[in-house]
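Please open the structure in a viewer and keep the selection panel at hand. The tour below moves from one selection to the next.

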Amino acid sequence: MSNLIRGLMLATAGLTGFAARAADTMENAYWNLPKGVTDISNEVWHLHMAAFWVCVAIAVVVFGVMFYSIFAHRRSKHPVPATFHHSTTVEIIWTIIPFVILIGLAVPAAGTLIKQYDSRNSDLTIKITGYQWKWQYEYVGEGVSFFSTLDAKSNEARQLGSGIDPKTVPHYLHNVDNYLVLPVGKKVRFLLTSNDVIHGWWVPDLAIKKDAIPGFINDMWTQINEPGIYRGQCTVLCGRDHGFMPVVVEAKTEAEYAAWLAKMKGGETVAAAAPAIATDAAVDAPAAAEPVVAEPAAPEAAPVEVAAAAPAAAPAAAGPNGEKVYLGNCAACHQATGAGLPPTFPALTGSKVVAGPAAGVITQVLKGKNAMPPFAQLSDAEIAAAVTYVRNNLGNKVGDTVTADQVKKLR
Amino acid sequence: MAKTHDHSHAHGHDHAHDHDDHHHGPDKGVMRWIKTTNHKDLGTLYLWFSFIMFFIGGLMSLVIRAELYAPGMQFIDPEFYNQMITLHALVMIFGGVMPGFVGLANWMVPMMIGCSDLALPRVNNWGFWILPFAFTMLLSTLFLPGGGPAGGWTLYPPLVLQGGASFPLTIFAIHMLGISSITGAINVVVTIMNMRAPGMTLLKMPLFVWTWLITAYLLIAVMPVLAGAVTMLLTDKYFGTSFFNAAGGGDPVMFEHIFWFFGHPEVYIMILPAFGIVSTIIPTFARKQLFGYDSMVYAVASIAFLSFIVWAHHMFTVGIPLAGELFFMFSTMLIAVPTGVKVFNWLATMWRGSMTFETPMLFAIGFVFLFTIGGFSGIMLALAPVDFQYHNSYFVVAHFHYVLVPGAIFSIIAAIYYWIPKWTGVMYDERLGKIHFWLSAIFINVTFFPQHFVGLAGMPRRIPDYAVQFTDFNVISTWGAFLYFIAQFIMIYNFLRCAIWRKGMVPATSQVWEGAHGLEWTVPSPAPYHTFEDPPHVGDEPAAAH
Amino acid sequence: MATHAAASDPSNRRYFVPAPSAWPFMLTVALGTILYSVSMYLEERHPGPIPFVLGGALFFYIVFTWFRGVATESETGQYSAQVDRTYRLGMSWFIFSEVMFFAAFFGALYYARELSVPWLSGEGSRVLTNEVLWPAFENIWPTNGPAAIGGDFKTISPWHLPLINTLLLLTSSVTITFAHHALKEGHRRATILWMWATIALGAVFLYFQASEYIEAYHELNLTLNSGIYGSTFFMLTGFHGMHVTLGTIMMISVTGRLMSGHFKPESHFGFEGVAWYWHFVDVVWVGLFIFVYIL
Ligand code: HEA
Ligand code: HEA
Ligand code: CUA
Ligand SMILES: [Cu+2]
C-alpha cells in the first residue's frame with residue numbers, strides 16, 4: 001500500500017514537473033487565451049491560468065484515484081468487495097475542500113471584475129453602434145464618425161462558390177475597410193448600442209466583450225499598452241451575416257493618433273463601403289437609437305455633445321450616388337445584381353413592391369420589415385438616391401426620381 | 001402472449017371489472033401504439049422517438065461540422081447554417097435528451113418502486129403523442145419559404161422576431177413541448193408520491209427515482225416560464241406588445257432573464273436523471289453499496305435549488321450591474337460543491353469494490369470522467385471576468401457538449417445497455433458494446449476537445465465560416481464528429497438485434513447482472529406487460545443497497 | 001403472457017389501470033390542427049376558417065368525452081382512495097405550473113417597473129442610456145415607453161370596476177366554500193344553489209372585465225400597443241380572464257354533474273379540484289389588483 005502511495009506521489013510529482021515545463025510553451029501557444037495588451041487582459045489571463053491549473057490539479061487527484069481504483073479493485077485482483085458505504089467525516093472533508101478552493105478563485109475574480117466595471121475618468125469616449133452587419137464608430141465630441149464593414153477581399157472570398165482560397169486573403173474575415181483607431185496609454189470608454197438586433201463587440205487582445213443592445217447603452221473601457229492592430233469579431237448571433245462583421249482596432253501612439261484625428265476632422269471622408277455619412281453626426285446619430293419598430297422618440301434633441309461638435313457638412317450638392325448607397329447597404333442581402341437570395345431575401349429585380357408606389361419602398365427602407373433591418377440611419381438624400389436607383393436599375397424601369405423631401409415626410 | 005382474447009374494444013373503459021383481464025394484452029397493429037396506456041409501451045415509444053430525434057439532430061450536427069471543415073463557405077448558405085444550429089439544439093434537447101429520460105422513467109420508475117403503471121396512464125399517452133406532432137410542426141418549417149428558425153435555440157429577440165413563417169410554428173411547437181413535459185413531470189411526481197409499494201419509504205428509493213422526482217419538480221417549475229416567455233415573443237411580433245422593445249419601455253434583455261430562468265434549470269433537467277443512472281450502474285458493477293446514499297440525495301436537491309439562482313451566468317456580458325454580476329458568479333461557483341460530492345461518492349463506491357467492466361459500467365465510468373471535465377470548464381466559465389473572454393466562443397461549445405454528449409447521452413446509452421436485457425429478454429452483444437464504447441469515448445474527445453483550444457484562440461460560436469488560423473482544430477473536430485456518428489451504428493445494430501432480430505441472441509436471466517439490486521430484477525426478463533399488479537413488499541434492508 | 005396470478009381476482013386489484021384510449025391522440029390531432037392554422041393565419045397565409053373550426057370542434061368534443069369518461073369511471077366506483085390521491089396531487093401540481101406561468105408575466109411587470117423603465121430614464125448604472133438615446137424620458141408609471149408607443153392613454157382607476165370585480169371574486173370564493181360545506185353535509189340542493197351563485201359571480205366578473213376592455217380600447221386609448229404598460233396590463237388581466245372563463249365552464253359542468261346526482265359527501269374530488277382552481281384564479285386576481293391596478 002505505502003509503495004503504491006509513494007508511486008502515486010512520484011507519478012504526480014513527475015506529472016507536475018512535466019506540466020511545469022510544458023506549461024511555459026503551452027501558456028503562450030496561439031491556442032491559449034492571449035495575454036493581450038492591456039493590464040486588465042493580463043489579469044484576466046492570469047485568472048484563466050489559475051483556474052485552469054486548479055482544475056488540472058483536482059483532475060489529477062480525482063482521476064488518479066479513479067484509475068487506481070479501476071486498476072486495483074477490479075474483480076480479478078480484488079474479488080471480495082468491501083462493505084463500507086458511509087463516512088460522515090470524509091464527506092465533510094470533501095465538501096469543505098472544494099469550498100475553500102472556490103473562495104480562493106472567487107476573491108481575485110471579484111477584484112478584477114470590480115476594475116473592469118470602473119469606467120470613470122476616461123480620456124476619450126467612443127460610441128459603437130451595431131448594425132446588421134457592420135459597426136459604426138463615433139468619436140464623441142470630435143465629430144468623427146464612420147462605418148466599419150468587412151473588407152472587400154474577404155467579402156468576395158466568402159461567397160459560396162467564390163473559388164477564392166481564403167488562405168490567400170490577408171486576415172480573412174478579420175479585416176475591415178475602416179479600422180477603429182485608438183491612442184495607446186489613454187483610458188478609452190466605449191458606449192455600445194445597436195440599431196437593430198443584439199450584437200456583441202469583442203477583441204480578445206483587449207479582453208473586453210460586451211453586448212450591443214438596441215435601445216440601451218452598455219459601457220466598457222480599455223487602456224492599450226502597445227501600438228498594434230488587434231482583431232476580433234461580433235459575438236452575438238445577429239442574423240445571416242453574423243460571421244462576417246469583424247472588429248479591428250488599430251492602436252497608435254498619441255502623436256500618430258492626434259494626426260489621424262486631425263485628418264479625419266479635416267472633413268476628409270473615410271472611404272467607406274457605407275457611403276460617406278462620415279462627419280454628418282447630426283443627421284445620422286440619433287436615428288441609431290431607433291429600435292425595431294419604434295416611432296422615433298425625440299431624435300432631433302439627441303446626443304448633445306456629438307451634435308454640437310459636428311461640423312454640419314451637408315452632403316455635397318450633387319447628392320449621394322444611388323448605386324454606391326445600394327452597394328454599401330443593400331447588396332449584402334439583395335445582391336449587387338438585385339437577384340437577392342430567395343427565399344429569405346427577395347429579388348428586387350421585378351419586385352412588385354419596388355415597382356409599386358414610391359412611398360411603400362421608402363417606408364420599407366426606413367422601417368424595415370421582418371428580416372430586413374430599418375435603414376433610418378441613412379440620410380434622406382441617401383435613401384432617396386438608393387430608392388431611385390433600385391426603381392430604375394437592376395432590371396427595373398419605373399422612371400421616377402424620389403426626392404429627399406418625400407423621404408423626410410415618411411420618417 | 002395471449003393471442004386469444006382481444007376484447008378491449010368491446011369493453012371500453014369499464015373492462016377493469018373484467019375477470020380475466022390479465023389476459024388482456026395490448027391492441028394489435030398501430031392502434032396498440034396510438035391507444036396504449038401502458039407504461040412499458042409508452043416508454044418504448046419515447047425511446048424510439050428519442051432515438052430518431054438523436055439521429056436527425058446528429059445529421060444536422062454533421063451538416064454543421066461539414067460546413068466548418070475548412071474556411072470559406074463550403075456548401076450551404078449562412079442563413080441555412082443558422083437554421084441548422086437552431087434546430088440541432090432544439091431537436092437534441094427537446095426531442096432527444098428529454099424524451100429519452102422520460103422514456104427511461106416510464107419504463108423504470110414503476111418497476112423500481114413496485115407499482116403497476118404510472119399514476120395517470122392516459123395523460124401519459126397524451127404527453128407522448130404531443131411530441132411527434134410538435135416536431136413535425138417544428139421541422140416542417142424547413143420546407144417553408146424562408147426556412148426554419150434561425151435565431152439560435154435561445155430565441156433572443158429582436159433577432160428571432162425577424163423570422164418569417166417559421167416563427168409562429170416554432171413558438172407553438174415549444175408550447176406543445178411544454179405541455180408534454182409538464183404532463184410527463186406531473187405524472188412522475190404523482191407516481192412517486194402516491195404509488196410506492198408498501199415499505200418503499202422515500203429514503204429507500206433507488207437514486208434514479210430520486211433524481212427523477214427532483215427533475216420533475218424542476219420541469220413543473222420552469223417549463224411554464226418558458227411558455228410565458230415565448231408567448232411574449234409571439235405577442236411582441238403580432239399583437240404590438242412591447243415586452244422586449246426599449247422604445248415601449250421594455251428590454252430585449254428581459255427575455256434573456258426569463259429564458260435563462262428556464263434555461264439553467266433546464267440544463268440540470270438534462271443531467272440529474274443521468275446522475276441517477278450512474279448511481280445505479282456503478283454499485284452494480286462494483287458489487288458494493290452506493291457510498292453516501294443520503295448525501296447523494298441532498299446533493300441533488302441542493303443542485304436543483306441552486307439552479308434557480310444562477311441563471312444570469314449566461315448573461316455576464318449583457319451589462320448587468322456589478323452587484324448582480326458578483327452574486328451570479330458566486331452562486332454559480334457554489335454548484336461545484338454538491339456536484340463534487342456526487343463525483344467523490346461515485347469514486348468511493350468504486351473504491352475497494354470488485355469491479356467488472358461490462359458496457360454499461362464502461363459508459364458510466366466514461367460519464368464520470370468526461371462529465372467532470374465539462375464541469376471544470378463550467379467552473380472556469382463561472383468566473384465572470386474571464387467569461388468576458390470565453391463567452392460565446394467555442395470554449396462554451398466545448399463545455400456544454402462535454403456535459404451533454406458524454407454526460408447526458410452517455411448516461412442514456414449506459415441505461416439502455418443496462419436495462420435492455422430486462423426489456424427484451426435477451427442479452428446484447430457484449431463485444432460489440434465494448435467496441436462501441438471505446439470508439440465513442442475516443443471520438444467524442446476528438447470532436448470536442450479541440451473546441452476548447454479554438455475557442456480560447458478567439459473563434460466565436462454560431463459562425464458558418466472562420467478565419468484561417470482556426471482551421472486545424474476544426475478539421476480534427478469534424479473528423480471526430482463523423483467518426484463518432486458512424487460508431488453509433490454499432491449500437492444501433494446491437495439494440496435492433498435485441499429488440500427485433502432476436503434470433504441467436506442469448507436469453508437473459510431475471511437477475512441479468514449478478515451485482516444488481518432492486519425490484520426490477522425480481523420480475524422475469526422480458527418484464528411482463530403488467531408488472532406488480534400486486535405491490536411487492538419491500539423489506540427493511542436499506543435500499544441504499546441499490 | 002406472464003402475469004401475477006393474483007391479478008385475475010378483481011377484489012384483489014389495487015390499481016386502477018385504464019383501458020387503451022384514443023382520446024389523448026385525438027386531442028393532440030385537434031391541438032396540432034388549431035395551432036397550425038393559427039400560425040398560418042398569423043403569417044397571412046389565410047388558411048381559411050375550416051381547419052381552425054374543425055380542430056376546435058374536435059378539441060371540445062374530446063375534452064368533453066374525456067371528462068365524461070372520467071366522471072363515469074368515478075361514479076361507477078372504479079376509483080380507489082389511491083386514485084383519489086393521484087388526482088389531488090396531480091391537480092395541485094398542475095395549479096403550481098399555472099402559478100409559474102403567471103409568475104413569468106408578473107416577473108415581466110416587475111422587471112419593467114423596477115429595472116427597464118428606471119434604466120431608460122437614466123437611473124442606476126444606466127445614466128447614459130437616457131442621456132444618449134432617450135433624453136427627456138422620465139420614470140413615471142404608467143408609461144408606454146420613451147417612444148410613447150401607441151400614443152397617450154389613460155389608465156383604469158382601480159376603485160371602480162376593478163374594486164367591484166375584486167369583491168365579486170372574493171365573494172365567489174366564499175360561496176364556493178359554502179357549496180363545498182353543503183356538499184360535505186349532504187345538502188345537495190344547497191350545494192347546487194351556492195354553485196349557481198358562484199357561477200353567476202364569475203359571469204358578472206367576466207362581463208365587467210369585458211366592458212372594462214371595451215372602455216380601455218375605445219375611450220382611454222389603452223391597448224395592447226400602449227407600450228410596456230399596455231402589454232403587461234392586457235397580458236396579465238387577459239390570461240387571468242381566460243382562466244376565469246375556464247373556471248366558470250368547469251363550474252358549470254360540475255354543477256351539471258351535481259344536478260344529475262354525481263358526487264358523494266365523502267368523495268367528490270371532481271368538485272374539489274374545480275374549487276381549488278377557482279381559489280387559485282381568485283388569488284391571482286388579488287395579485288393583479290394590487291400590482292397591476294393599485295401600485
Ligand atoms: C447538462 C448540461 C449542463 C451542465 C450539467 C452544466 C454545468 C455547469 N455549467 Fe454549463 N452550460 C450548459 C449545459 C450544462 N452546464 C449549456 C447547454 C450551456 C450553453 C447554453 C447556450 O448558451 O447555448 C452552458 C453554459 C454555461 C455558462 C455560460 C457560458 C457563457 O455563455 O458565457 C456557464 C457560466 O457560468 C456555465 C457554468 C456551468 C457550471 C459552473 C456548471 C456546474 O454544474 C459544473 C459542476 C461540476 C464540476 C465542477 C465537476 C465536478 C466537481 C468536482 C470534482 C469537485 C471539485 C471541483 C472544483 C472545486 C472546481 N455553463
Ligand atoms: C443534448 C444536446 C446536444 C447534443 C447531443 C449535441 C451533439 C452534437 N453537437 Fe451540438 N449543440 C447543442 C446541443 C447538443 N449537441 C446546443 C444546445 C448547441 C447550441 C446551439 C445554438 O448555438 O443555438 C449546439 C451547437 C453545436 C455546434 C456549434 C454550432 C455553432 O455555434 O456554430 C456544433 C459544432 O460543432 C455542434 C456539434 C455537435 C456534434 C458533432 C454532436 C454529436 O455528438 C452528434 C452525434 C450524436 C449522435 C449521432 C446521437 C447519438 C446518440 C444516440 C443515437 C442515442 C441513442 C438513443 C437511444 C437508443 C434512445 N453542436
Ligand atoms: Cu453582429 Cu453578430
Ligand atoms: Cu447555466
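**A tour by selection**

Begin with B:C115: its relative accessibility is 0%, so this residue counts as buried, the limit being under 20%. The model shown here is predicted. Next, select A:C234, which also counts as buried because its relative accessibility is 0%.

Over the whole structure, a search finds six cavities of 30 Å³ or more. The second largest cavity has a volume of about 120 Å³. To display its surroundings, select the lining residues, among them B:Y46, B:F94, B:M98, B:L131, B:S180, B:G184 and B:L219. Helices α4 (78-113) and α6 (166-194) of chain B each supply at least two residues of this lining, and α6(B) gives the most, with five. By class, the lining of the second largest cavity holds nine nonpolar and three polar residues, and no charged ones.

Finally, centre the view on ligand 2. It is surrounded by 33 residues, of which the closest are B:R65, B:Y81, B:H88, B:H401 and B:R462. Select B:H88 to find a polar side-chain atom 2.8 Å from a nitrogen atom of ligand 2. At B:R461, a side-chain N or O atom is 3.0 Å from an oxygen atom of the ligand, and at B:Y394 a polar side-chain atom lies 3.4 Å from an oxygen atom of ligand 2. Two or more residues of the shell come from each of α3 (39-67), α4, α15 (394-424), α16 (430-456) and α17 (471-499) of chain B. The shell around ligand 2 comprises 23 nonpolar, seven polar and three charged residues.

Note on methods: Residues numbered from 1 in each chain as written. Chains lettered and ligands numbered in written order. Predicted model: local features only at pLDDT ≥ 70, side-chain atom pairs only at ≥ 80, totals over all residues. Heavy atoms only, no water. Buried < 20%, exposed > 50% of the residue type's maximum accessible area, 1.4 Å probe, protein only. 1 Å grid on protein atoms, 1.4 Å probe; cavity = no way out; pocket = protein on both sides within 12 Å on 5 of 7 lines; lining within 4 Å. Points joined across faces, edges and corners; volume = space filled by probe spheres on them. Helix = DSSP H or I, 4+ residues; strand = E, 2+ residues; numbered from the N terminus. Nonpolar A, V, L, I, M, F, W, Y, C, P; charged D, E, K, R; others polar. Near = heavy atom within 4 Å. Polar contact = N/O pair within 3.5 Å; in protein donor to acceptor, adjacent residues only side chain to side chain.
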